[in-house]
Amino acid sequence: MGKIILTGDRPTGRLHLGHFVGSLKRRVELQNSGEFEKIFIMIADAQALTDNADNPEKIRQNIIEVALDYLSAGLDPEKVTIFIQSQVPELCELAFYYMNLVTVQRLQRNPTVKQEIQLRGFSEGDDDENQNKKGTPVGFFTYPISQASDITAFRATTVPVGVDQAPMIEQTREIVHKFNSVYGETLVTPEMLLPENAACLRLPGTDGKAKMSKSLGNCIYLSDTSKEIKKKVNSMYTDPEHLQITDPGHVEGNVVFTYLDAFCNDEHFAKYLPEYENLEAMKDHYRRGGLGDGTCKKFLFNIMEEFLQPMRERRAIYEQNIPQVYEILKKGCEVARAEAAKTLADVRKAMQIDYFDDAELIAEHTKKYQK
């Protein structure tokens, strides 16, 4: 069997640079590498509804936003299958069976689940301290099981993720191991693929917070206008001790330099800031003092513009033909469902619940009762 990718995003808003450097950029590279037999890209609307059940319109409207971001970023529907999670009901059935292989206690220990519960203000228990918090929806709590269903349904060998998703992939591997141990070798064990650039493992928000997040309002979106990007870059958190240009500065924790680590190369210096040979030379000057934040931000803005302008142009083309985008999604869902149905059939057979397809079972019972 060839190598297969499954990855995706929750349609809770437009995609931002954190999504791009964490996984989307790699998806575009891999689709063009010829290394993978199949690539499935999922818009995870069912998972998004686990903590947005009271706002389905938000999810409904953002399906098209995420699809446009995918296409503008360079994903090619001729090379990858883009589909909507809820339109592949086989995924729900697989998740239902996997629930029997995972304990509540194991889910409670999942670091990503714990972090996301805290981030959304859900209650983790019934004690007095949690009385003013909303309870955690069961669907949200069992998110790792749903993700295991998504990955295994397409026999994914590789899952490109950000570092914060590593515990989820580990749990998928545990579920695969348990299933295969109980029912026989049926499911494929996936490997995760992390970004190669360390700066891309967890791109911080423009305000210096540890993670770029829609809910925190600290994102640069792939669809932002030039004016919006300039405003966001100019407001970026830098070094609070670098008050004067002559002051020595710190590049560690300085968001501008973190973004430069993630996006710039030596060619950018030749084009936009020729007084420096490379980023290390620029950092050295900043550390010594004599380099202003304004110069650094202008340089970063030029790089962001060069990077995002082609995406804006591709997006504008697709925005003029929305029915085509929906047709791409519809065809992707049909392909994805057919693929998931094959895995579900194998799972049902392994679990011995394929009653009507088992001719031997029917024959055995016929012989037993017709003596």
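The crossing of helices α3 and α14 is right-handed, a term used when the near helix is turned clockwise from the far one by less than a right angle, left-handed being the anticlockwise case. The model is a predicted one, in which local features need pLDDT of at least 70 and side-chain atom pairs count only at pLDDT 80 or more, while totals for chains, interfaces and linings use all residues. Residues are numbered from 1 along each chain as its sequence is written, and side-chain values use heavy atoms, with hydrogens and water left out.

**The chain as a whole**

- The protein chain contains 16 helices and seven strands; these are DSSP runs numbered from the N terminus, with helices (H or I) of at least four residues and strands (E) of at least two.
- The C-alpha trace spans about 100 × 55 × 35 Å along its principal axes.
- Of the 371 residues in the protein chain, 50% are buried. Buried means under 20% relative accessible area, exposed means over 50%, and partly exposed lies in between, for a 1.4 Å probe and protein chains only.
- Among contacts (heavy atoms within 4.5 Å) with a separation of 6 or more, 75% join residues 24 or more positions apart.

**Helices α3 and α14**

- Helix α3 covers residues 56-73 and helix α14 covers residues 293-319; they pack at an angle of about 130°, with their axes 8 Å apart. Axes are lines fitted to C-alpha atoms, for helices over the stretch in contact, and angles run from 0 to 180 degrees between N-to-C directions.
- This angle makes α3 oblique to α14. Angles under 35 degrees count as roughly parallel, over 145 as roughly antiparallel, 65 to 115 as roughly perpendicular, and the rest as oblique.
- On the α3 side the contact is made by Glu65, Leu68, Asp69, Leu71, Ser72 and Ala73, and on the α14 side by Met311, Arg314, Arg315, Tyr318 and Glu319.
- The residues of this contact of α3 with α14 divide into five nonpolar, one polar and five charged. Here Ala, Val, Leu, Ile, Met, Phe, Trp, Tyr, Cys and Pro count as nonpolar, Asp, Glu, Lys and Arg as charged, and the others, Gly among them, as polar.

**Helix α8 and its surroundings**

- The axes of α4 (residues 90-98) and α8 (residues 143-153) come within 8 Å and cross at roughly 120°. The two helices are therefore oblique to each other, and α4 passes α8 in a right-handed crossing.
- Leu91, Leu94, Ala95 and Tyr98 of α4 meet Ile145, Ser146, Ala148, Ser149, Asp150, Thr152 and Ala153 of α8 in this contact. The residues of the contact of α4 with α8 comprise seven nonpolar, three polar and one charged.
- Helix α8 is mostly covered, with ten of its eleven residues buried; among them are Tyr143, Pro144 and Gln147.
- Arg155, which follows α8, has a positive phi near 55°. Arg155 lies in the loop between α8 and β6 (158-160) and, at 16% relative accessibility, counts as buried.
- Most residues other than glycine have a negative phi.

- Not counting residues up to four places away in sequence, Met282 touches Phe257, Leu260, Phe269, Leu273, Tyr276, Leu291, Cys296 and Phe299.

**Selected loop residues**

- Pro190 lies in the loop between α9 (166-183) and β7 (191-193) and is buried, with a relative accessible area of 0%. Residues touched by Pro190 include Ile151, Ala156, Thr157 and Val159.
- Gln352 is found in the loop between α15 (322-350) and α16 (359-369). Its phi is positive, near 60°, and at 64% relative accessibility Gln352 counts as exposed.
- Asn32, in the loop between α1 and β2 (38-43), is partly exposed, with a relative accessible area of 46%.
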